[in-house]
Amino acid sequence: MIVPELCGPVLDIGCGDGRLASLLDASVTWTGLDSSPAQLTANPFRPVVLGDMRALPFREETFADVTHLWCLYHVDDPSVAIGEARRVLRSGGHYYASTAARDNDRELVPEGYPSSSFDAEEAPSIVASMFEKIETERWDGMFFPLETVEAVRSYCRHNYIAEERAETVDLPLWLTKRGVLVRGTKC
């Protein structure tokens, strides 16, 4: 959703195995940061930095684009990490954060997920507390099917859902994905 908007230099906070970097044009300068040595070792893209999103090891106004994609729910107070992202973002730069909604994956978790420190229901207001201008883009749709019971089990394991739920679904299982992308601009 955001790849066409990124002109770089980009700081990809919580970069994991480099999914965002793999989609960028070679002309876009990318830097990844993650707190997991294992993720950084598996990431084929460089440069990567081992670090904490709440205390970024970069100077102020270094990056044109900063992302927090699928990671802010890992910290107790995401506003600290967003404040650090804002600090290293250039004036006029763009910030992006994404997360799932509590009612994501209704086919496997009909009771909904528990609230987190950064979910789609609260994300816009949290980002708005740090950025003067924000836009939200919500999604709600069946985007991909899980074709086999093993694929459903694997999805359950990855998302901390009881694996026995895989035994009760009709295949293919189309999951309803709900969430939000929040864009912020540093004025």
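Is W30 buried or exposed? W30 counts as buried, because its relative accessibility is 6%. Here, buried means under 20% relative accessible area, exposed means over 50%, and partly exposed is in between, using a 1.4 Å probe and protein chains only.

Before we go on, remember that this is a predicted model, where local features need pLDDT of at least 70, side-chain atom pairs count only at pLDDT 80 or more, and totals for chains, interfaces and linings use all residues. Residues are numbered from 1 along each chain as its sequence is written, and side-chain values use heavy atoms, with hydrogens and water left out.

**Aromatic pairs**

The structure holds five aromatic pairs. A pair of aromatic rings is described by the distance of the centres and the angle of the planes. Rings of Phe, Tyr and Trp (its six-membered ring) pair if their centres lie within 6.5 Å; planes under 30 degrees apart count as stacked, over 60 as edge-to-face and the rest as tilted. Two of the pairs are in this table.

| Pair | Centre to centre | Angle between planes | Type |
|---|---|---|---|
| W30 and F45 | 6.3 Å | 70° | edge-to-face |
| F58 and F63 | 5.1 Å | 90° | edge-to-face |

W30 sits in strand β2 (residues 30–34) and F45 in the loop between α2 (37–42) and β3 (48–50), so their pair ties together parts that are 15 residues apart in sequence. Helices (H or I, at least four residues) and strands (E, at least two) are DSSP runs, numbered from the N terminus. F45 is partly exposed, at 29% relative accessible area. In the other pair, F58 is buried at 17%, and F63 is buried at 4%.

Which residues of helix α3 (residues 78–88) are buried? They are P78, A81, I82, E84, A85 and V88. Looking down the axis of α3, you would see these residues fall within an arc of 155°, so they line one face of the helix. The arc is that of the directions from the helix axis to the C-beta atoms. The buried residues of α3 pack against β1 (10–13), β4 (63–69), β5 and α4.

Helix α5 (residues 149–158) has V152, Y155 and C156 as its buried residues. They cover an arc of only 100° around the axis, which puts them on the same side of α5. Their cover includes β6 (133–146) and β7. After α5 comes Y160, with a positive phi near 55°.

K186 lies in the segment after β7 (173–185) and is buried, with a relative accessible area of 8%. A polar atom of its side chain lies 3.0 Å from the backbone oxygen of R86. Contact means heavy atoms within 4.5 Å. Leaving aside neighbours within four places in sequence, the contacts of K186 include E61, R86, L89 and F131. R86 also lies over the face of F131, at 5.9 Å from the ring centre. For such a placement, NZ of Lys or CZ of Arg must be within 6 Å of the ring centre and within 35 degrees of the ring normal.

Where is R102? R102 is in the loop between β5 (89–100) and α4 (123–128), and counts as partly exposed at 26% relative accessibility. Not counting residues up to four places away in sequence, R102 touches G112, Y113, P114, S115, D119, E121 and E122. The C-alpha atoms of R102 and F118 are separated by 10 Å, and these residues are 16 apart along the chain.

Technical notes: A polar contact is a pair of N or O atoms within 3.5 Å; within protein, one must be able to donate a hydrogen and the other to accept it, and residues adjacent in sequence count only if both atoms are side-chain atoms.
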